[in-house]
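Student: I have a model open and would like to learn how to read its features one by one. Could you walk me through it?

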Amino acid sequence: MAGLSAAVHLVDKGFDVTLPEAEEELGGRAMSWVDEDGDTIDNALHVFFPHYVNILGFFAKVGAPDVIRWTDTLTYIKEGGDAAHFTPFDLPAPLHGLSIAKFHHIGPVDMLRFGPAAMRALSMSEAAVASYDRVTVEDFLHGYGVSQKLIDNMLRAMVNGLTFLEPYEVSAKAAAYWIRNLTTTREAVKVGFARGGLGEIYVRKAVEY
């Protein structure tokens, strides 16, 4: 997607662009293909948030403005099928995030410990946020007493889905920005899913562009 986006912007500047691709399909991690049964398979999990203004702008630029289906409820399913739902309260930001208390995959002790960690991320200055770039999400949460069980059972799936990395590999700076963005407005908590395979949604349109 980064290469396609760069190519589109270079075309706008009047350049002739040749884009090399090592695989059989364009798009890298953000590509899809059709299997032998005719099903569209994405190369990886992809979710979107309203504060992803650059990627949403890119989709609109190449003529794919309505390819994301938005939901205001985040559902997390553990092994065994136990589902928990997070829907923000209809309250002014950041109070809408208090609905996390109803997320039953988080026990009361972890909730009490996770709350101060989240508030720390919200209250930090930009310089303080930048200083956490060398601290992992896992170490940051451990510093507030959040259990490894919570990290493994819930946060690991979220971090994997957003970054393709483990909590011990992701910068706490990135997590702090994510928390800050989600708490700016109630609308910011919406989660977007592609209306089909990413390859068919945007790759062809970017190439045509």
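Student: Let's start with charges. Which side chain does Arg180 meet in a salt bridge?

Tutor: The general idea is that a salt bridge is a side-chain nitrogen of Lys or Arg within 4 Å of a carboxyl oxygen of Asp or Glu. Here Arg180 meets Glu126, at 2.9 Å from N to O. Before we go on, this is a predicted model, where local features need pLDDT of at least 70 and side-chain atom pairs count only at pLDDT 80 or more, while totals for chains, interfaces and linings use all residues. Residues are numbered from 1 along each chain as its sequence is written, and side-chain values use heavy atoms, with hydrogens and water left out.

Student: Where do Arg180 and Glu126 lie?

Tutor: Helices (H or I, at least four residues) and strands (E, at least two) are DSSP runs, numbered from the N terminus. Arg180 is in helix H7 and Glu126 in helix H4 (residues 126-131), so this bridge ties together parts that are 54 residues apart in sequence.

Student: Is Arg180 buried or exposed?

Tutor: Buried means under 20% relative accessible area, exposed over 50%, and partly exposed in between (1.4 Å probe, protein chains only). Arg180 counts as buried because its relative accessible area is 16%.

Student: How many salt bridges does the structure hold?

Tutor: Three. One of them joins Asp12 and Lys61, with the closest N and O atoms 2.6 Å apart. That pair links distant parts of the chain, since Asp12 sits in helix H1 and Lys61 in helix H2, 49 residues apart. Both ends are partly exposed: Asp12 has 39% relative accessibility and Lys61 has 31%.

Student: And which residue does Glu166 meet in a salt bridge?

Tutor: Arg156, at 2.7 Å from N to O. Glu166 lies in the loop between H6 and H7 and Arg156 in helix H6, so the bridge ties together parts that are ten residues apart in sequence. Glu166 has 16% relative accessibility, so it counts as buried, whereas Arg156, at 36%, is partly exposed.

Student: Now the rings. How is a pair of aromatic rings described?

Tutor: By the distance of the centres and the angle of the planes. The rule used here pairs rings of Phe, Tyr and Trp (its six-membered ring) if their centres lie within 6.5 Å; planes under 30 degrees apart count as stacked, over 60 as edge-to-face and the rest as tilted. A search of the whole structure finds eight aromatic pairs. Among them, Phe49 and Trp178 are edge-to-face, with 5.9 Å centre to centre and 80° between the planes.

Student: Where are Phe49 and Trp178 in the chain?

Tutor: Phe49 is in the loop between strand E2 (40-42) and helix H2 (53-61), and Trp178 is in helix H7 (residues 172-182), 129 residues apart. Phe49 counts as buried because its relative accessibility is 6%; Trp178, at 24%, is partly exposed.

Student: What about Phe58 and Phe59?

Tutor: Those two make a tilted pair, 6.2 Å centre to centre with 35° between the planes. Phe58 is buried at 5% relative accessibility, and so is Phe59 at 1%. Together with Phe48 and Tyr202, Phe58 and Phe59 form one aromatic cluster.

Student: Let's move to backbone angles. What is phi of Phe164?

Tutor: Most residues other than glycine have a negative phi. Phe164 has phi near 65°, a positive value in a residue other than glycine. Phe164 lies in the loop between helix H6 (148-163) and H7, and is partly exposed at 34%.

Student: Last one, the overall layout. How many helices and strands are there in the protein chain?

Tutor: Eight helices and six strands. Along the sequence the pattern reads α-β-β-α-β-β-β-α-α-α-α-α-β-α. The C-alpha trace spans about 55 × 45 × 35 Å along its principal axes, and 35% of the 209 residues count as buried.
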